[in-house]
Amino acid sequence: MKTLQIGDIAPQFTLFNQYNEPISLRQFEGKKVLIYFYPKALTPGCNTQACGLRDSKTELEKLGVVILGISPDTPEKLHKFTEKKDLNFYLLADQEHQVADQFGVWGQKKFLGKTYDGIHRISFLVDEQGKIEQVFTQFKTSNHHQVVLDYLTQK
């Protein structure tokens, strides 16, 4: 697993969102984009992380940031997640984990003694020119939104 680093060009992609509409990174040229990868919709940690971003969306928008969440879930499951948690940003279905592979966040994980392949919880801030501006790896699901906001307001 070779994770993208600061200064790398973000891979272009198109994935279906929770409304089964195609969404491309290219649509957000000229804006900062927070791409956050998460393992599975409607699980406790992912709920906490998504709700923190939901509640911080206005602040992030004022800083010129668009939020895109990516997981290997289906668009239908993402729709249920959006409805149940009243999410206000796009969730994208990467069922074949092609985008996760391109960003270097799909790889071996261990949980409760089991080893399996899955998404590592990593977020990328893509700048207005499409380069990786920041990589967020050190956060908890409960403070992810604050780590991102702190980075954006302290630079």
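Me: Is Thr82 buried or exposed?
Reply: Thr82 counts as buried, because its relative accessibility is 3%. Buried means under 20% relative accessible area, exposed over 50%, and partly exposed in between, with a 1.4 Å probe and protein chains only. Please note that this is a predicted model, in which local features need pLDDT of at least 70, side-chain atom pairs count only at pLDDT 80 or more, and totals for chains, interfaces and linings use all residues. Residues are numbered from 1 along each chain as its sequence is written, and side-chain values use heavy atoms, with hydrogens and water left out.

Me: Where does Thr82 sit?
Reply: Thr82 lies in helix H2, residues 75-85. Helices (H or I, at least four residues) and strands (E, at least two) are DSSP runs, numbered from the N terminus.

Me: Which residues is Thr82 in contact with, leaving aside neighbours within four places in sequence?
Reply: They are Gln18, Tyr19, Leu87 and Leu91. Contact means heavy atoms within 4.5 Å.

Me: What joins the side chains of Thr82 and Gln18?
Reply: A polar contact of 3.2 Å joins them. Such a contact is a pair of N or O atoms within 3.5 Å; within protein, one must be able to donate a hydrogen and the other to accept it, and residues adjacent in sequence count only if both atoms are side-chain atoms.

Me: New topic: how many helices and strands does the chain have?
Reply: The chain has 4 helices and 9 strands. Their order from the N terminus is β-β-β-α-β-α-β-α-β-β-β-β-α.

Me: And how much of the chain is buried?
Reply: Of its 155 residues, 49% are buried.
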